[in-house]
Amino acid sequence: MPLPKRRHSRTRGRKRRTHWKLAVPNVVDCPHCHSPRLPHHVCTTCGYYNGRQIIPAKDA
């Protein structure tokens with residue numbers, strides 16, 4: 001099994017991990033009920049997508 005020739009410093013490992021980030025999801029307002037939803041997805045509150053009701057709305 002190959003072994004690394006030299007050890008990596010803590011700084012080198014930490015600098016490599018600075019790019020490990022979570023992306024913030026883009027949220028838009030639903031044009032029907034104005035609740036936040038993901039773009040190109042059916043609104044989970046009212047069930048509308050592209051001006052049509054796709055799924056029945058949740059009961060409050």
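**Close-up A. His40 sits in the loop between E2 and strand E3 (48-49).** This is a predicted model, as are the views that follow. The phi of His40 comes out near 65°, a positive value in a residue that isn't glycine. For context, most residues other than glycine have a negative phi. With a relative accessibility of 68%, His40 counts as exposed. His40 also turns up among the contacts of Tyr49, once neighbours within four places in sequence are left aside.

**Close-up B. His34 is another residue, not a glycine, with a positive phi, near 65°.** You'll find His34 in the loop between strand E1 (28-29) and strand E2 (36-37). How much of His34 is accessible, in relative terms? The value is 58%, so His34 goes down as exposed.

**Close-up C. Cys30 and Cys46 have their sulfurs 3.7 Å apart.** For Cys30, the sulfur in Cys46 is the closest cysteine sulfur there is. Cys30 itself is buried, at 2% relative accessibility.

**Close-up D. Cys43 is in no disulfide either, with the sulfur of Cys33 as its nearest cysteine sulfur, 3.6 Å away.** Is Cys43 buried or exposed? Cys43 is buried, and its relative accessible area is 0%.

**Close-up E. Tyr49 belongs to strand E3 and is partly exposed.** The relative accessible area of Tyr49 is 31%. Which residues does Tyr49 touch, if we skip neighbours within four places in sequence? Tyr49 is in contact with His40, His41, Val42 and Ile54. Pro31 makes a handy reference point too: Tyr49 and Pro31 are 18 residues apart in sequence, with 9.1 Å between their C-alpha atoms.

**Close-up F. A nonpolar patch on the surface is formed by Tyr49, Ile54 and Ile55.** Together, these three residues have about 240 Å² of accessible area. Ile54 has 44% relative accessibility, so it counts as partly exposed. Ile54 is also one of the contacts of Tyr49 seen in the previous view.

How values were computed
Residues numbered from 1 in each chain as written. Predicted model: local features only at pLDDT ≥ 70, side-chain atom pairs only at ≥ 80, totals over all residues. Heavy atoms only, no water. Patch = residues over 30% accessible without salt bridge, like charges linked within 9 Å, V, L, I, M, F, W, Y side chains within 5 Å. Areas by Shrake-Rupley, 256 points an atom, 1.4 Å probe, with all protein chains shown as cover. Salt bridge = Lys/Arg side-chain N within 4 Å of Asp/Glu carboxyl O. Buried < 20%, exposed > 50% of the residue type's maximum accessible area, 1.4 Å probe, protein only. Disulfide = S-S within 2.5 Å. Helix = DSSP H or I, 4+ residues; strand = E, 2+ residues; numbered from the N terminus. Contact = heavy atoms within 4.5 Å.
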